[in-house]
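Hello,

Here is the structure I promised to pass on to you. Please have a look at it first, and then read my notes below.

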Amino acid sequence: MRTRRPKPHTATTRASYWLASLFRDGRDATPSMMMNRYLLLSLCRHTDPSSCHVVDDERRAMETTLGRLTFRNLLTCDSSAVLLCAIVQKHAIGKLSSAVDRYVIDATRAVATQHDAASEYKLYSARYLLHRLDRAPYSPPPVCELPHHPGPLLLAGEQDLRDVANRIAVLTEYGARAADIPHGLLTIIETLALHSLRKYNLALAGVLLRALSYAGAASGHGVQVARDFLLDHQRDDGSFGYLGPETAALAQRRPRLRPESVTLNATLVCLWTLAETSPSPFSLYRDLS
Amino acid sequence: MTTTRLDTQQAAMMVSSLDWLLANLDLFYPLRSTSSVDVERIKPFAELAFLCGIFAQRGRQTDSRLTHILDFVDDTARQPALRDRLIRQPATFLLYGTIYAALERSGRPCPPERHAIQTLIDNGYLATMELVPFRRMDLVYTLSSAPYRHPLPPLSVLYKDTLIYKLPSPLHVSTSDVYGITHAIFYLSDFGRVDVRTIMGDRFEATCRLLTWLLGIYTRASNWDIVGELLICCHCLRCKAEPLFGVSWNALINAQTSAGDVTGPYFDPRSSRLRKAHTAIQYRFAENYHTTLVATAACLLEIASRGIDHEDTEA
């Protein structure tokens, strides 16, 4: 007899309580942890509005942290993630702080000057987010080819898989636009997502599952199997992932890094994937403005 | 990927693997001397005999390579040191019984062994052996295929105790679980000779889906032993979902070495045992014989299902 799994709505609420407890001790966090925190907060608010009440100083915390990020000049590590955080700030406060606004202007200039037809689709997420910030006009997704024969993808490396998933995300504008994606490719991506979960590569599985969702294939049996797996891997405290081996390895490599950074990343990946593969049409990039 | 049709590639693969089996036939010989058995070689010998039985079922017993292998199995199985072990060590029935049942299916009856096996069945021991569900199916399949009279339940009933009947998640099954799944399907379908849709009922579609996922997963893992077995399962259920079926076949064909063997999951090309000639041959055989047998069977079943004239498989 199958046991009943918590519904995703409940999973989000439990995760938001865990998130609130994570930063309550006032300990400093790395920029990537802070970025992930805001993304997760936004996700929680969108998928379960009742969860937002557990974070009392959200607005001030976001301003403070984003200001701290710009001060440390660490924002260049991932422009897309930072732009996303800027959107989160704008969404929560209605306007950007001056420090963050300066960065967005720099990012706008940097993206506008880059032209590379071969990898235009790689810049698309930044352009898309800038448009959401009213800093750039809407630009339709660039032409980017998908593999005509998807068979070799089954044996391809992780970077190639991420690249194909990114192309699908761009072609479909994160699920907003229908695109002609071969059924065979989607079948292979579904199998690869399942293989990634067997290897406990939650990040890669998340990328592939979200690509399936953007392509309109989230109702498949394989996606449901994957969703059940992710829900099974939410811990009692609300976080996701049984990541003891990874946390131990990180502690050995980077002892000053907070071990929660591993769990935070996994929790973001799992909730993001659950939200975007749910029956209700939601896309983190598309629905934040 | 070349434009050679898949069936031509499968025929070539089968010829090449049969040649490798023939070249290494002495390593299948299970007797250490005229009176003692090398226990490590009984399993490979039994599996070689089983392959002969599959060929015979598909009307391939006149294939010259197979005839040579079948003669070897027949002559060896009738050696006194091997012949009487079956009734003296009934717990080893699943190995020894396989050999003689395969010979029966291949048109090489062994009346003394038939009598011994029927005696074992009639005295009740085989029905009480402690076996996991798919091994119980193995026992019934062996007894039914020869055939021998037995009181055990039919395969369609035993199937309901197996893992595949319960449709586990593809994210939880281990490699040994998958072996149990593949073997249950082999026996239930008699390697594709029985249409199992009525037996499986509303589980059929989900079973096909699970097998297809596992096929993709194990192709990515380059486990050619499991890939071969899962391709046989796809044949058994007549469920060949593309593109995964074609991709996996191409990957298996490409995994065959120039010598004709297909590398097993634990074969290490950097093993120190490969540095010396005599240990290299033994190591390569031990690690690759099973995967090669499976690949050979997979090719045969696909070729036979398309009704390709057996002359096409001769070099």
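**Notes on the two chains**

Let me start with one residue in chain B: apart from neighbours within four places in sequence, Asn288(B) is in contact (heavy atoms within 4.5 Å) with Trp20(B), Asp261(B), Val262(B), Thr263(B), Gly264(B) and Phe267(B). Asn288(B) sits in helix α16 of chain B, residues 277-305; helices here are DSSP runs of H or I with at least four residues, strands are runs of E with at least two, and both are numbered from the N terminus. Asn288(B) has a relative accessible area of 0% and is therefore buried (under 20% relative accessible area, with exposed over 50% and partly exposed in between, using a 1.4 Å probe and protein chains only).

A word on conventions: this is a predicted model, in which local features need pLDDT of at least 70 and side-chain atom pairs count only at pLDDT 80 or more, while totals for chains, interfaces and linings use all residues. Residues are numbered from 1 along each chain as its sequence is written, chains are lettered from A and ligands numbered from 1 in the order in which they are written, and side-chain values use heavy atoms, with hydrogens and water left out.

**The interface**

Between the chains, 18 residues of chain B are in contact with 23 residues of chain A. The buried area (the accessible area, 1.4 Å probe, that two parts lose on being put together, summed over both) is about 1800 Å², and carbon and sulfur atoms give 70% of it. Leu171(B), Trp213(B) and Arg220(B) supply 43% of what chain B buries against chain A, more than any other three residues.

Seven residue pairs, both at pLDDT 80 or more, are in polar contact across the interface (N or O atoms within 3.5 Å; within protein, one must be able to donate a hydrogen and the other to accept it, and residues adjacent in sequence count only if both atoms are side-chain atoms). On the chain B side, α13 (204-220) and α15 (244-255) each supply at least two of the touching residues. The largest share, seven residues, comes from α13(B).

**Chain A**

Chain A has 13 helices and zero strands. Of its 289 residues, 55% are buried. Among contacts in chain A with a separation of 6 or more, 71% are between residues 24 or more positions apart.

Phe282(A) lies in the loop between α12 (260-276) and α13 (284-287) of chain A, and its relative accessibility of 12% means that it counts as buried. Leaving out residues up to four places away in sequence, Phe282(A) touches Leu43(A), His46(A), Ala275(A), Glu276(A) and Asp287(A).

**Backbone points to check by eye**

Most residues other than glycine have a negative phi, and most peptide bonds are trans. Glu173(A), which is not a glycine, has a positive phi of about 50°; Glu173(A) is in the loop between α7 (158-171) and α8 (183-198) of chain A and is buried at 7% relative accessible area. Phe191(B) is also not a glycine and has a positive phi of about 55°. Phe191(B) belongs to the loop between α11 (175-189) and α12 (197-200) of chain B.

Chain B also has a cis peptide bond from Ala146(B) to Pro147(B), with omega near -5°, and one that joins Glu242(B) and Pro243(B), with omega about 10°.

Best wishes
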